[in-house]
Every structure is written in structure tokens, then in C-alpha cells.
Amino acid sequence: MKITGNKLYQRVAASITAAIEEGRWATGTRLPGERDLAEEYGVSRPTIREAMIALEMKGWIEARHGSGLYVTPRDHGTGQPEDSLNFDIGAFDLTEARILFEGEAVALAAVSITDEQLAELDGLLAEMAADDSNEPSVMDADHRFHLAIANATGNAAIRSVIEYLWELRTRSPLAANMFARAKRGGITPRVEEHRPIVAALRARDPHAARNAMRRHLRGVVDDLLEATELEVMERARNELDARRDKVARRLKIGSA
């Protein structure tokens with residue numbers, strides 16, 4: 001199916017809402033799986049995941065019983081779906097941009113980084129390792145780690161671009177929602193994924209530095225996919241537990 005519009009996840013979400021309004025999926029109907037939707041719309045799984053989270057944030061769909069996502073019984077209103085589903089940039093698009101820009105930035109840093117800047121990165125690695133149980137400190141050290149590499153390029157424009165990409169993690173509602181889901185799933189920056197980046201920088205090896213950064217950021221994509229899947233499953237388990245408790249209470253009343 002050909003889709004048109006602005007942001008890719010937004011276009012997919014708009015197409016799905018249009019299909020719901022046209023009656024393809026009635027209230028209570030289970031949506032097809034991610035792989036089927038990705039094939040139908042000709043996009044990746046991460047794009048489908050962003051579209052699904054946008055739809056969930058707006059109340060178009062919900063997770064039920066661990067069996068998938070269902071159309072919710074609500075008045076979705078009228079008007080253009082594209083307008084109501086614009087949550088700006090999602091976490092997958094953002095991370096893809098980081099793979100591109102930070103991958104090249106770290107390669108440039110590898111040929112210009114100073115011993116003092118390497119010592120700064122070593123200190124940030126130590127912070128990430130020491131504060132493993134203190135998530136705000138870990139996130140702050142992770143942020144400073146990546147900006148320190150951008151600064152080591154010696155290019156103020158590159159540093160500004162990378163700093164802006166980091167700001168979008170909280171400025172974009174969709175990205176912020178997705179990263180919050182990852183945090184709830186217990187996913188935090190892993191110091192072991194950052195060590196190879198510093199090792200490549202210390203070796204002044206641009207190729208190895210680029211590969212290490214891309215490998216780390218691709219891991220972020222995998223973590224986001226896992227976190228959003230786990231949250232849906234946890235929600236389903238909680239709902240099932242609540243139903244079991246309700247049945248148990250009713251049986252207890254009946255036997256009194």
C-alpha cells in the first residue's frame with residue numbers, strides 16, 4: 001500500500017486510522033501483527049512500532065490479554081488523522097540519525113582527540129560503572145560521554161547537531177514516551193558497550209571507532225524494540241492477574 005504524508009510513522013498511523021474509520025477494523029478488532037503491517041505498508045518494524053505507540057498515546061488502540069493490539073471503543077472524532085497524530089520525531093528515527101551523525105563524528109574524533117579528552121571519557125566510563133543503580137546519574141554520564149566525543153571533533157557545528165539530537169529525546173513527545181517505556185523496562189546505558197568506543201579512540205582508529213559507535217547505537221534500537229514489547233506483555237500479565245484475583249474473590253464469596 002502506498003502512503004503519503006510527512007513523517008513516515010505518522011503516515012502509517014494516519015493510514016491505519018483511516019482504515020479504522022472506513023470500517024476495515026471495527027471496535028474490538030485485533031490489528032494484524034507488526035510483520036504483516038510492515039509488509040503491507042512497505043516499512044520497517046521500528047516504523048510500525050512508532051506508529052502503534054502514537055496510536056496508543058491517542059487512544060486509538062490498546063493491548064489486550066497479551067494477544068496483540070485492539071481498536072478501542074471510543075469516539076475518535078473527525079478531521080485529518082495526520083493532524084491529530086503528529087508527535088514529532090520517534091525514538092527509532094532519532095536513533096537512526098544518531099547512528100549516521102555520531103558514527104561519523106567519532107571517526108573524526110579518532111584523528112583529533114587529545115590525551116586530556118581521553119581521560120575525560122575514562123572518567124565518564126567510571127561514572128557509568130560506579131552509578132549502575134543510580135539511573136539519573138547513569139543517563140547524565142551517558143549524555144556527557146557522547147557530547148565529549150562530539151566536542152573532541154573540534155567542530156562546533158558537529159557538536160551542535162549532536163547536542164540537538166540529544167535534546168530531541170525529551171523535546172519530542174513520541175521519543176520521550178518511547179524512552180520512558182525503555183526506562184520502565186529497566187534498560188539503562190551499558191558501560192560495556194561504551195568501552196570499545198574509547199578503546200578505538202585511544203588507538204586513533206577511525207574505522208574501529210565508527211563501527212563501535214554504530215554497534216552501540218544499533219543496540220539502542222534493539223533495546224527499544226524489546227522494551228516496548230515487554231511493556232505490552234507486562235500490561236497483559238497485570239490484567240490477567242487482576243482477573244484471576246477477581247475470580248478468586250467471587251469464588252470465595254460463593255463458598256462462604
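Helix α11 contributes the largest share of the lining of the largest cavity, four residues, where helices are DSSP runs of H or I with at least four residues, numbered from the N terminus. The model is predicted, so that local features need pLDDT of at least 70 and side-chain atom pairs count only at pLDDT 80 or more, whereas totals for chains, interfaces and linings use all residues. Residues are numbered from 1 along each chain as its sequence is written, and side-chain values use heavy atoms, with hydrogens and water left out.

One cavity of 30 Å³ or more is found in a search of the whole structure; on a 1 Å grid over the protein atoms alone, a cavity is a set of points where a 1.4 Å probe fits but cannot get out, a pocket is an open set with protein on both sides within 12 Å along at least five of seven lines, and lining residues have an atom within 4 Å of a point. The volume of the largest cavity is about 230 Å³, a volume being the space filled by probe spheres set on grid points joined across faces, edges and corners. Of its 17 lining residues, Arg169, Ile187, Thr188, Pro189 and Val220 lie nearest the centre, and α7 (135-152), α9 (173-184) and α11 (206-255) each supply at least two residues of the lining.

The second largest pocket holds about 230 Å³ of space and is lined by twelve residues, of which Met139, Arg169, Thr170, Phe179 and Lys183 lie nearest its centre. Helices α7, α8 and α9 each supply at least two residues of this lining, with α7 giving the most, five residues.
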